[in-house]
Amino acid sequence: MKKQKTAHRGQELGQELKLNPFDFLSEEIVFTILDLLGDNPLDKKSFSLVCKSFYSIESSHRRALRPLRPDHLPKILARYPNTARLDLTLCPRVTDASLAVVSSSCGPCLRSIDLSRSRFFSATGLSQLAARCGNLVEVDLSNARELRDPGAAALSGLRNLERLWLGRCKLITDMGVGCIAVGCRKLKLLSLKWCLGVGDLGVGLVAVKCREIRNLDLSYLPISNKCLPSIMKLPYLEDLILEGCFGIDDNSLAAVKQGCKSLKALDISSCQNISHVGLSSIASSTEGLQQLTLAYGSPVTAPLAASLKKLIMLQSIKLDGCSVTCSGLKAIGSCFVSLRELSLSKCSGVTDEGFSFLVTRQKQLKKLDITCCRQITDVSIAHVTSSCTGLTSLRMESCCLVSKEAFVLIGQRCHSLEELDLTDNEVDDEGLKSIGRCSRLTVLKLGICLNITDEGLTHIGRSCSKLVELDLYRSAGISGSGIQPIACGCPNLELINTSYCYAINDAALRSLSKCMRLNTLECRGCPLITSLGLAAIAIGCKQLAKLDIKKCHLIDDAGMIPLAHFSQNLRQINLSYTSVTDLGLSSLASISCLQSMTILHLKGLTPWGLAAALLACGGLTKVKLHATFKMPLPQSLFEHLETRGCVFHWRDKAFQVQILKEAELDPKSWRLKLEDIVP
């Protein structure tokens, strides 16, 4: 009897042990847990493997998908029946059959689909989407260069569509856009950038039929003054982009008598026929404008600045690439005293006198871009740092007359900086020590900074723990000793560029392997790096997506094996001038995410080894090869790969015999060459 009771209790205990405590959590609680997980897909995958109930709940919870290949769609969409956002940008070949699977599986649940990097679909596939996915509010068809008017007309069935991108759909004409305008009257955002077949008629129909438009991009369209009055009558229009619309001139703007009171942002970059006369017409009719972009347009003179005086709400002005005068900058400073953003990138004529007057009046400035303003000196930087102490972004690449002492002021006075670009400047270790006080920095660019060493980088690593992106391109004074404090002090680092820092070695890569969020590593031209260092990165940095090891001659097949095993998120790799052979290249076929390869001048690569690797890597969309491989391999091979969605870029560059040319390693020589090219 005792034995029976003991056995019965044992059975009950066994049943209790089999109970999963997670089964007692409600679906709402588990949904909340899933909401708190990051964007890393591996986290959600691990979550779903905890137990059967978690697997089922994760399937019901997920709303956004980004599949790698279209042939996986039936299985993926069956598992995730509530998919609302479908991103197919990793699938270069999406046929009408693929869209049929999407439309039948998702149906009314689908709210957004991105086909901006996909090809091979037609009006038939889009018609099926429109028929079965009537709740779509967002469609991106950018770069669909083979799409014609019937495809555009198919979209007219999407009555609830609110956001549509058709950039570079060059075969669509006024007729196709007219069909969209008639059918999709709820549109709030429409991009027709580079739709060269669309003119005044198509744009005019959009303006008349789609009265809820907020954002309209008409860049590089052959439009004139005929459609402008209709556009400016749109009651809710907030953002209008007319970049490169050469048919728009002063007379066109003067003809617009009734302005758009709701307009907040206007971009008329590269509109060479618009002067201060036309701008005066715009300013009179759009007094609520907050952002104005005049890049690569008319010279910035005092009359031009005066024409903008009525824009009392203006917060951002971009004059990139314009010729400016001292009087013009002073006039802008006199007219506007509450700018939040100012961009003078690559402007000629920016001097200390005019620029200093302008910035001293901008106490609320947050973003400043003075890239390639080669005439400003320490005087300007002193005024910037004393007047604009709330700056969050400062870009000042190639300000060659600014001395090293000026960079100390940046760290002393601008503690709110989150982005700082000092590429090709005279900043030194003392400057970096001061910049270390900017503890909010997330982006720091120090490329071609020849005066910095490991000591200066140590200060950054100790103080700037929020750093996400670090660019050290051709900063030859940096070695592994400087990378180590960065790796230890910046756990959120996602991107680092050490290309042509010839003292970078395996120790540096071992340090970086601790940065678990690292997704982009560029270390081309680092001759001391070997396969051992690369193996450490592969093991430690599971999120690695982009890798450039061009001219790292000591990396061979031994580095490819761990990469193939651990770096399953790798999408782009440059192996040119390494010692990788057929074996190493073929091993990369196990990386299902791999899409882009550059494989120029691999001595150990044979035509048949290349063919085997290309066939095995099923997700490739872009391959750069040397032209010598065209002849030995059959044309049918390349045709087969192209039908899978792969594009080949052929190069005929001669092989560089030297390990690394002396001039290439010497950043001073490289800078002199750059100065000969850049005006």
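The exercises below, each with a worked solution, concern a predicted model.

**Exercise 1. Classify the two partners of the salt bridge between Arg 395 and Glu 419 as buried, partly exposed or exposed, and say which strands they lie in.**

Step 1. The side chains of Arg 395 and Glu 419 form a salt bridge, with 3.0 Å from N to O.

Step 2. The cut-off for buried is under 20% relative accessible area, and for exposed it is over 50%.

Step 3. Arg 395 has a relative accessible area of 36%, so this residue is partly exposed.

Step 4. Glu 419 has 19% relative accessibility and therefore counts as buried.

**Exercise 2. Describe the salt bridge between Glu 341 and Lys 318, and find where each partner lies in the chain.**

Step 1. The N to O distance between the side chains of Glu 341 and Lys 318 is 3.8 Å.

Step 2. The pair links distant parts of the chain: Glu 341 belongs to strand β12 (residues 341-343) and Lys 318 to strand β11 (residues 316-318), 23 residues apart.

Step 3. Glu 341 counts as partly exposed, at 21% relative accessibility.

Step 4. Lys 318 is partly exposed too, with a relative accessible area of 29%.

**Exercise 3. State how many salt bridges the structure holds, and name the residues that are linked in a network of them.**

Step 1. Side chains of opposite charge can pair when their charged atoms come close.

Step 2. The structure holds eight salt bridges.

Step 3. One of them joins the side chains of Glu 162 and Arg 163, at 3.6 Å from N to O.

Step 4. The network of salt bridges links Glu 138, Glu 162 and Arg 163.

Step 5. Glu 162 is partly exposed, with a relative accessible area of 22%, and Arg 163 is partly exposed at 28% relative accessibility.

**Exercise 4. List the residues in the patch of positive charge on the surface, and locate Arg 168.**

Step 1. The patch of positive charge on the surface is formed by Arg 145, Arg 168, Lys 170 and Lys 193.

Step 2. Arg 168 sits in the loop between β5 (163-165) and α9 (174-183).

Step 3. Residues in a patch must have over 30% relative accessible area.

Step 4. Arg 168 has 31% relative accessibility and counts as partly exposed.

**Exercise 5. Work out how much of helix α21 is covered, and name elements that cover its buried residues.**

Step 1. Helix α21 runs over residues 480-489, and seven of its ten residues are buried, so the helix is mostly covered.

Step 2. These buried residues are Gly 480, Gly 482, Ile 483, Pro 485, Ile 486, Ala 487 and Gly 489.

Step 3. The cover includes α20 (454-463), β17 (469-471), β18 (495-497) and α22 (506-512).

**Exercise 6. Name the buried residues of helix α26 and the elements they pack against.**

Step 1. An α-helix has 3.6 residues a turn, so residues three or four places apart point the same way.

Step 2. In helix α26 (residues 607-616), the buried residues include Gly 609, Leu 610, Ala 611, Ala 613 and Leu 614.

Step 3. The buried residues of α26 pack against the helices α25 (582-587) and α27 (635-643) and the strands β22 (596-598), β23 (622-626) and β24 (647-651).

**Exercise 7. Locate Arg 474 and His 601, give the phi of each, and decide whether each is buried or exposed.**

Step 1. Arg 474 is not a glycine, yet has a positive phi of about 60°.

Step 2. The loop between β17 and α21 contains Arg 474, which counts as buried at 4% relative accessibility.

Step 3. His 601 also has a positive phi, near 60°, and is a residue other than glycine.

Step 4. His 601 is placed in the loop between β22 and α26 and is buried, with a relative accessible area of 14%.

Notes: Residues are numbered from 1 along each chain as its sequence is written. This is a predicted model: local features need pLDDT of at least 70, side-chain atom pairs count only at pLDDT 80 or more; totals for chains, interfaces and linings use all residues. Side-chain values use heavy atoms; hydrogens and water are left out. Patches are made of residues with over 30% relative accessible area and no salt bridge: like charges are joined within 9 Å, nonpolar side chains (Val, Leu, Ile, Met, Phe, Trp, Tyr) within 5 Å. Accessible areas come from the Shrake-Rupley method with a 1.4 Å probe; for residues, only the protein chains shown count as cover. A salt bridge is a side-chain nitrogen of Lys or Arg within 4 Å of a carboxyl oxygen of Asp or Glu. Lys and Arg count as positive and Asp and Glu as negative; His and the chain ends are not counted. The place of a charge is taken as NZ of Lys, CZ of Arg, CG of Asp or CD of Glu. Helices (H or I, at least four residues) and strands (E, at least two) are DSSP runs, numbered from the N terminus. Buried means under 20% relative accessible area, exposed over 50%, partly exposed in between (1.4 Å probe, protein chains only). Contact means heavy atoms within 4.5 Å.
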